[in-house]
Amino acid sequence: MPAPTDNLRIDGSRLWDSLMDMARIGPGVRGGNNRQALTDADREGRLLFMRWCEAAGLTLGVDTMGTVFARREGTDPDAAPVMIGSHLDTQPTGGKFDGVLGVLGALEVVRTLNDLGIRTRHPVEVVNWTNEEGSRFAPAMVASAVFAGVLGLEEAYARRDAEGLALGAELERIGFKGEEPVGQRRPHAYFELHIEQGPILEDEGVDIGVVTHGQGVRWLEVTLTGRDAHTGSTPMGRRLNAGLGAARVVELVDQIAWAHAPHAVGAVGQLNVYPNSRNIVAGKAVFTIDFRSPDLAVLTAMTDELRTGAAAIAEKMGLGLSIEEVNAFDPVAFDPVLVGRVREAAERLGYSHRDIVSGAGHDACWVNKVAPAAMIFCPCVDGLSHNEDETITPEWASAGTDVLLHAVLATAGVADAEE
């Protein structure tokens with residue numbers, strides 16, 4: 001016999017209106033958003049979110065990393081909370097939905113529970129993590145990393161932006177350096193709804209991505225050192241061309257990624273040559289490499305192949321070489337019970353779904369270290385994200401939030417419901 005909660009749906013129009021209202025804060029230059037972490041726009045977005053939470057009857061708390069928790073009490077005062085959320089900060093040329101859908105979708109879940117008079121045994125807490133994007137203060141996912149114990153609080157506070165401003169000082173400036181110790185709240189479970197940030201779901205016409213794993217990441221910074229020389233008067237055989245060496249390593253990165261496809265990826269995202277003059281053979285090149293794979297053995301192999309291949313290129317060309325690992329986290333396997341609940345929710349609601357691996361890092365990847373976690377993806381048009389043209393449909397937003405609602409109910413436990 002079906003349970004009375006089996007066919008529940010959220011209010012899709014209310015969710016969409018909230019997304020559009022939030023998008024008015026920190027507008028971009030062509031329809032997206034620039035609401036970088038700990039800016040005045042971020043503060044304004046946080047305050048709007050908190051007003052909505054208070055209107056929904058939630059109790060607010062802010063930890064010393066500025067992460068906001070909005071709690072709906074459960075019937076069991078001793079039960080740990082089911083946390084749901086994401087982030088409100090954006091890239092400098094970000095879209096309206098990356099992260100924001102996860103926060104406001106979580107709020108819509110609570111609003112729906114309120115509308116229907118449904119009480120849960122476990123408390124439900126909506127979370128807005130600080131500085132997920134890392135666009136202003138590197139690395140990404142800083143607050144959730146401190147929450148999971150993989151980054152120290154003072155180390156996080158010391159991170160500086162391009163203007164030399166410290167994260168801790170900026171938290172104080174915008175009034176969000178809370179008093180609650182980071183990690184004081186220990187979740188029973190954590191769910192995060194997010195746009196896919198890739199083209200797979202839309203290309204296949206699938207409503208819901210059931211995220212089973214998160215890719216591991218290795219960020220390398222490579223420095224090749226040659227010798228500055230005049231481009232016109234230096235014979236080709238006498239050049240120590242760091243720019244040419246960089247080009248050959250860039251090609252190597254692509255070859256390595258293709259060799260481990262389809263699940264592994266790799267690219268050079270930033271490349272600088274020095275002295276960067278049109279009539280000087282570059283004597284130095286510095287560039288970054290981003291390798292990702294859901295398989296730790298593959299990720300390790302890719303990094304080893306890069307180090308071996310780059311060393312051979314440098315030796316053949318007479319260049320100096322240094323390679324520094326500047327960021328790394330291992331692949332994540334999300335909790336199979338929670339993943340199963342996401343899958344079951346999609347099936348119960350009649351949404352098409354497929355298992356999928358997250359190509360990007362998310363706060364759920366760090367929370368997964370201290371509590372069971374799972375993620376839900378909805379499609380995004382053309383797979384675009386970190387781009388002002390990023391967009392989704394109201395139907396996709398509603399479907400993802402419907403699945404989130406049912407996964408939360410299955411985990412938090414339905415205590416009773418008003419008729």
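Is the crossing in which helix 8 passes helix 9 left-handed or right-handed? It is a right-handed crossing of helix 8 and helix 9. The model described here is predicted.

## Helix 8 against helix 9

Two packed helices are described by the angle between their axes and the distance between the axes. Take the angle and distance here. The axes of helix 8 and helix 9 (residues 296-317) cross at roughly 150°. They come within 10 Å. Angles over 145 degrees count as roughly antiparallel, so helix 8 is roughly antiparallel to helix 9.

Which residues of the two helices make the contact? Helix 8 supplies Leu244, Gly245, Arg248, Val249, Leu252, Val253, Ile256 and Ala257. Helix 9 supplies Met302, Glu305, Leu306, Gly309, Ala310, Ile313 and Met317. By class, the contact of helix 8 with helix 9 holds eleven nonpolar residues, two polar and two charged.

## Helix 3 against helix 12

Now a second pair. Helix 3 covers residues 100-116, and helix 12 covers residues 394-412. Their axes come within 9 Å. The crossing angle is roughly 60°. That angle makes helix 3 oblique to helix 12. The crossing of helix 3 and helix 12 is right-handed.

From helix 3, the contact uses Leu101, Gly105, Ala106, Glu108, Val109, Thr112 and Leu113. From helix 12 come Ala397, Thr401, Leu404, Leu405 and Leu409. How many of the residues in the contact of helix 3 with helix 12 are nonpolar, polar and charged? Eight are nonpolar, three are polar and one is charged.

## Two cis peptide bonds

Which residues does a cis peptide bond with omega of about 0° join? Ala138 and Pro139 are the pair. Pro139 sits in the loop between strand 5 (124-128) and helix 4 (142-147).

Another cis peptide bond joins Ala261 and Pro262. Here omega is about 10°. Pro262 belongs to the loop between helix 8 (242-259) and strand 10 (265-274).

## Positive phi in loops

Next, two backbone angles. Leu38 is a residue other than glycine, yet its phi is positive, near 65°. Where is Leu38? Leu38 lies in the loop between helix 1 (12-23) and helix 2 (40-55). The cut-off for buried is under 20% relative accessible area. Leu38 has 0%, so it is buried.

Asn131 is not a glycine either, and its phi is positive, at about 50°. Asn131 is in the loop between strand 5 and helix 4. With a relative accessible area of 2%, Asn131 is buried too.

## Asn128 in strand 5

Asn128 is placed in strand 5. Is Asn128 buried or exposed? Its relative accessibility is 1%, so Asn128 counts as buried.

Leave aside the neighbours of Asn128 within four places in sequence. Asn128 is then in contact with Arg46, Phe49, Thr67, Val68, Ser86, His87, Leu88 and Val103.

## Ser144 in helix 4

Ser144 is in helix 4. Its relative accessible area is 0%, so Ser144 is buried. The side chain of Ser144 makes a polar contact with the side chain of Asp363, at 2.6 Å.

Leaving out neighbours within four places in sequence, Ser144 is in contact with Trp129, Asp363, Trp366 and Val367.

## Gly94 in a loop

Gly94 is found in the loop between strand 3 (82-86) and helix 3. Gly94 has a relative accessible area of 3%, so it is buried.

Which residue is 66 residues from Gly94 along the chain, with a C-alpha separation of 7.4 Å? That residue is Gly28. Gly94 also touches Gly32, Asn33, Asn387 and Glu388, not counting residues up to four places away in sequence.

Note on methods: Residues are numbered from 1 along each chain as its sequence is written. This is a predicted model: local features need pLDDT of at least 70, side-chain atom pairs count only at pLDDT 80 or more; totals for chains, interfaces and linings use all residues. Side-chain values use heavy atoms; hydrogens and water are left out. Helices (H or I, at least four residues) and strands (E, at least two) are DSSP runs, numbered from the N terminus. Buried means under 20% relative accessible area, exposed over 50%, partly exposed in between (1.4 Å probe, protein chains only). Contact means heavy atoms within 4.5 Å. Axes are lines fitted to C-alpha atoms, for helices over the stretch in contact, and angles run from 0 to 180 degrees between N-to-C directions. Angles under 35 degrees count as roughly parallel, over 145 as roughly antiparallel, 65 to 115 as roughly perpendicular and the rest as oblique. A crossing is left-handed if the near helix is turned anticlockwise from the far one by less than a right angle, and right-handed if clockwise. Ala, Val, Leu, Ile, Met, Phe, Trp, Tyr, Cys and Pro count as nonpolar, Asp, Glu, Lys and Arg as charged, and the others, Gly among them, as polar. A polar contact is a pair of N or O atoms within 3.5 Å; within protein, one must be able to donate a hydrogen and the other to accept it, and residues adjacent in sequence count only if both atoms are side-chain atoms.
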